[in-house]
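Okay, thanks for coming, everyone.

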Amino acid sequence: MAAPAVQARPGPSKTESYVDNKRKEDIRITNITSAKSVADAVRTSLGPKGMDKMISTANGEVIITNDGATILNKMEVLQPAAKFLVELSKSQDVVAGDGTTTVVVIAGALLKECHSLLNRGVHPTVISDALHKTSLKALDILAAMAVPVELSDRDSLIKSASTALNSKVVSQYSTLLAPLAVDAVLSVVDPAKPDMVDLRDVKIVKKLGGTVDDTELVKGLVFDKKVSHSAGGPTRMENAKIAVIQFQISPPKTDIEQSIVVSDYSQMDRILKEERNYILGMIKKIKATGCNVLLIQKSILRDAVTDLSLHYLAKAKILVIKDVERDEIEFITKTLNCLPIANIEHFRAEKLGFADCVEEVSLGDAKIVKITGIKDMGRTTTVLVRGSNQLVLDEAERSLHDALCVVRCLVNKRFLIAGGGAPEIELSRQLGAWSKVLQGMESYCVRSFAEALEVIPYTLAENAGLNPIAIVTELRNRHAQGEINAGINVRKGQITNILEENVVQPLLVTTSAITLATECVRMILKIDDIVTVRVLINGLWKDGRLEDANQLFKEMCERDLVPDGVTFTTLIDGHCKNGKIGLAMEIYQQMLEKGLKPDLVTYNILINGLCNDGDLEAARKLVDEMSKRGMKPNKIAYTFIIDGCCKEGDLKSALEIRNKMLREGIELDNGFFKGGAIVDAERMLREILKASVRPDDATYAMACALYSCAAAQSKEEMRSNYPTPQ
């Protein structure tokens, strides 16, 4: 009987391999879910009937707002992909100034549809390409819907600004703020560059008191401070000749920190006389140019003015406004059409500005300074914002900024478009029709994105307490009948021609929202893995390659990647161990600038490094900084400082810190401190004194040795701290 033939099983092909894509899918889904949660957080703030958010920061500050950019900026978002939506809102704020909530909500809806398409097996690249084509088509549709507007049509500009203000906390003041925003922007438009507006030329000054109704546009300058008239100087000056100075009218000081001891009264009188002559000579030069108003920049080197200089300035009938901030100088000089003066020797009449009136004005209990009637005034303007409390004042400033940005959008791109969800529903309808002429997966993707855009009218109706399904269905039908300007009138609770209701917005706001949202979503879709760079930096550090780790850290910062706290701590620890405490402190400052909060370990490493470097003063300041940030220094931090004090022979400071530890309830144990058991030394002295034994030099020297101090330097301090019993 023949043996049965056995069929050989084919072996695995060398060209075939199994690739596990589960992790990539999980990363992509995690990113989408995290970003959607951020969008859901601000979705309820959309529209005129949207809810406000109360934000409580770590330092106790409370903010009430419904501005998407402000809400997201204050949120501590940790997930990397979710941070994209925070940056997305900031980008919309920079480009358009309005629509910061809209852009995030659209991005969230697009991500939801992308999630659905991924679950059906559509490749991310196909989805991304379809999304790009959809955004380009959407821009063409929006351009066809837009209505051209001229800057001379003031009413249309005011309507657009009012629409931006209607969704704000201060919406009841839109009739005041909208015309004010329009007038402010139009007054700074340069005829040489008619399509550009720099909002830095519009200065907003906040002053607590009154109501938002008291907000006014000032053709000139406003200072939120009073005139320096402690020596009886003038508070009002007509036909003012104004100088902006960046030097100090006070006696000079030495370049280095040192003290001068004057023991002879005649020498003291001579010094005072020279100071008077020095100040008097400066004021005579100022008065000789005809100057009668001085704006003095705040000085960090020494006092910009002294009581003596104010006295002489008052006698010369010169009005003085001091402590002008450095970053305000450019705006002031541009407004006054003058030049800043950096040295008394350069004080010339041609560098002065001229105004009809400079006066101190009382606003309730507070005072401000107004400069009006400026001759040859630059293209700038000032808005004085009032409010009954700080929360209203801050929100009024944010709302006014949005209104200014809306008018700026119309200057850049002079087209208006209907609001109230009309453009989004029209986009959804036309994109849905366009998807039917496409083929393959692209058709499904475009149709999904068209449905995603319905989230804006749906959310507007939902936040207004209307039936969103019924409202969106009716809105879709009205647009299908050719009413492209039909939108949701949330005040009437029905569908109306939103263009006739004066609910309009700049075309740039909607186009930038669509463009930025699609770019952000495409970026998130293309991510299939998250690599934590701190692992590489930590590995380089452990391998002793600190320079390479530092270089990698710099590359991260150059690429606008924000390293996490562990990465910063790793580098700080490496530099401290290598004795490069200066580099460690630089990285610590970068950590603070990035908005990261150092933990207890980071502070302990820095304090130890500073103490080993002998910089005890900086170590103590770091401990104080910990307390200000709400962190309680632990036993280890105090130990490092006490050990440093002992090594430096500063026994008194060591004892002071020890007493501070006891007051804060930090227990001391024997043999705890590195330089010797300070508790044992103190206990030994106390027991000797309690037994009425007179300690000799050797005993004090032994105690000093326990403190790790030089006996010759600290013996007398021991005697004074622990006196011998009589």
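**Two helices crossing, and two other spots**

Let's start with a crossing: helix 4 and helix 16 cross in a right-handed way. Keep in mind that this is a predicted model. Helix 4 is residues 100-119 and helix 16 is residues 507-525, and their axes come within 9 Å, crossing at roughly 40 degrees. That angle makes helix 4 oblique to helix 16.

So who's touching whom? From helix 4 you've got Val-103, Ile-106, Ala-107, Leu-110, Leu-111, Cys-114 and Leu-118. Helix 16 brings Ala-513, Ile-514, Leu-516, Ala-517, Thr-518, Val-521, Ile-524 and Leu-525 to the contact. Sort those residues by type and you get 14 nonpolar, 1 polar and no charged.

Next up, helix 6, residues 154-165. Its 12 residues should span 16 Å at 1.5 Å a residue, and the end C-alpha atoms sit 17 Å apart, which agrees. Is this helix enclosed or open? Well, 9 of its 12 residues are buried, so helix 6 is largely enclosed by the rest of the structure. Among the buried ones are Ser-156, Leu-157, Ile-158 and Ser-160. The cover over the buried residues includes helix 7, helix 11, strand 14 and strand 17.

Last stop, Asn-292, in the loop between helix 8 and strand 8. Buried or exposed? Asn-292 has 11% relative accessibility, so it counts as buried. Beyond its neighbours within four places in sequence, Asn-292 is in contact with Met-237, Glu-238, Asn-239, Ala-240 and Lys-241, plus Lys-317, Ile-318 and Leu-319.

That's my tour, thanks!

How values were computed: Residues are numbered from 1 along each chain as its sequence is written. This is a predicted model: local features need pLDDT of at least 70, side-chain atom pairs count only at pLDDT 80 or more; totals for chains, interfaces and linings use all residues. Side-chain values use heavy atoms; hydrogens and water are left out. Helices (H or I, at least four residues) and strands (E, at least two) are DSSP runs, numbered from the N terminus. The expected span of a helix is 1.5 Å times one less than its number of residues. Buried means under 20% relative accessible area, exposed over 50%, partly exposed in between (1.4 Å probe, protein chains only). Contact means heavy atoms within 4.5 Å. Axes are lines fitted to C-alpha atoms, for helices over the stretch in contact, and angles run from 0 to 180 degrees between N-to-C directions. Angles under 35 degrees count as roughly parallel, over 145 as roughly antiparallel, 65 to 115 as roughly perpendicular and the rest as oblique. A crossing is left-handed if the near helix is turned anticlockwise from the far one by less than a right angle, and right-handed if clockwise. Ala, Val, Leu, Ile, Met, Phe, Trp, Tyr, Cys and Pro count as nonpolar, Asp, Glu, Lys and Arg as charged, and the others, Gly among them, as polar.
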